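Thanks, everyone. I have one model to show today, and I will keep to a few regions of the chain.

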Amino acid sequence: MNQNPFNIFGSLKYSYNEFYYVTKFLAGMLKGDKAIAELEDIFASYVKEDFAIAVNSGTSGLHAALLALDLEKDDEVIIPAIAVIMDAYVVLQSNATPVFADVDPFTFNISPIQVEKLITKNTKAIIAIDWEGNPSDLISLRKIANKYSLTLINDCARSLRSTINGRPSNNYSDISVYSFESKKHLTTGGEGGMIVTSNPLLAEKSRKFSGLGYSHLTSKAGKANLSEEIYQNPNYDRFSEIGYNYRMAPINAAIGLGQLKRAKRIRQRRMYCGQKYSEIINKANKKWIIPQKIFENHINTFYTYSFFLNEENGPSWKSFYNCYKKFGGTGFYGCVKIPYEEKALLLRSELYKKPYCPNAERIQKGMICLKTNMRNNFELQRELIALRKTLENI
């Protein structure tokens, strides 16, 4: 990736493409159902799955995907300890128990070794995350899921077609979920998401649970063909499941269609930023920096460029942040809190098994997540200079 993927038009958050599809929709030239169906078809093809279900957020998508598993009380779902709290929320909202697995100390992703230790007769599923765009060891997790007859779910909210051996990471799971929230690689105008799978039963169930439980919904294209005589009849049974209104709004689908036209460039831009940060980090060769490890044949699409700052023999997270800002950087993110350390779950410890995740708790406190969503070379160079000067002077 030597070519600079920035240019004046390609670097805008929204472009002519989005304007074209939104205007077409507002003018009545692009019907809502058609916009959503087209977005689903194009995205399914892009990530090499048979089915895609557009939803109003990644969280909604995860919830619908879990509901498709027909989880019952006392069922358990293993999730990584380094995760956004929503992964735990949706497990609880699906009537199951979240079980937190520790992470690998170098990839920051869920550890297959720890996952297998936590499996019980109640375990029904594993959720992996492409943390910061870096795929988990999904090959090992796939083997574990097959061995114990578990469903493997991949949370791809922070990635865009990250790959393992040339295949999108979602291909290794039974069902996966992408997010189109405003800071993600692709956005549908602020919120949005997509469930993808090649399992027709999971696709149909996910679509029904995210579409109010309408009986006419199917795995493909959103609905079966119904004549007016059927659905206008007062005796027609409209609902076959208890579902939620997680449907994507048509105007968001129109924005998404425009974004997908630029998906390759947007993805390359994030990866280019990650590569440039990596070059500076590698050249500095600071022993107290542990970059997020990327396995051979894995492609990280860099939601952020992340590394662990070991405060035992290096600077503190706060001093690194202050120095970075002093040299002109716009700041960076720390890692989200471990879900079971957030107040929402900390005060409700009876809802989950007591976790033991020392790697996650240590890494979370020292993780630095450098932004990769710059839209032009000027913004990127400002952050690169700040990083370089920080490493030279701290």
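I will go through the pocket, then a helix, a loop residue and a sheet.

First, the conventions. This is a predicted model, in which local features need pLDDT of at least 70 and side-chain atom pairs count only at pLDDT 80 or more, while totals for chains, interfaces and linings use all residues. Residues are numbered from 1 along each chain as its sequence is written, and side-chain values use heavy atoms, with hydrogens and water left out. Helices (H or I, at least four residues) and strands (E, at least two) are DSSP runs, numbered from the N terminus.

Now the pocket. A pocket here is an open set of points on a 1 Å grid over the protein atoms alone, where a 1.4 Å probe fits, with protein on both sides within 12 Å along at least five of seven lines; lining residues have an atom within 4 Å of a point. Grid points are joined across faces, edges and corners, and the volume is the space filled by probe spheres set on the points. The largest pocket holds about 540 Å³ of space. Its lining has 29 residues, and Val84, Arg158, Glu181, Lys184 and Tyr303 lie nearest the centre. Elements giving two or more residues to that lining include helix H4 (85-93) and strand S8 (175-179). H3 gives the most, with 3 residues.

Next, helix H6, residues 138-148. Its buried residues (under 20% relative accessible area, 1.4 Å probe, protein chains only; exposed is over 50%, partly exposed in between) are Leu138, Leu141, Arg142, Ile144 and Ala145. Seen down the axis of H6, they fall within an arc of 165°, so they line one face of the helix; the arc is that of the directions from the helix axis to the C-beta atoms. The face turned away from the buried side carries exposed Lys143 and Lys147. Just after H6, Ser149 has a positive phi of about 55°.

Is Thr107 buried or exposed? Thr107 is buried, at 4% relative accessible area, and sits in the loop between strand S3 (97-101) and helix H5 (112-118). Leaving aside residues up to four places away in sequence, Thr107 touches Asn134, Gln292, Lys293 and Phe295, where contact means heavy atoms within 4.5 Å.

Last, the sheet. Four strands form an open sheet in the order S10-S12-S14-S13, paired antiparallel; two strands pair if DSSP finds at least two bridges between them. S10 (289-291) and S13 are the edge strands, each pairing on one side only. S13 and S14 are joined by 2 bridges, and Gly334 stands opposite Ile368 in S14.
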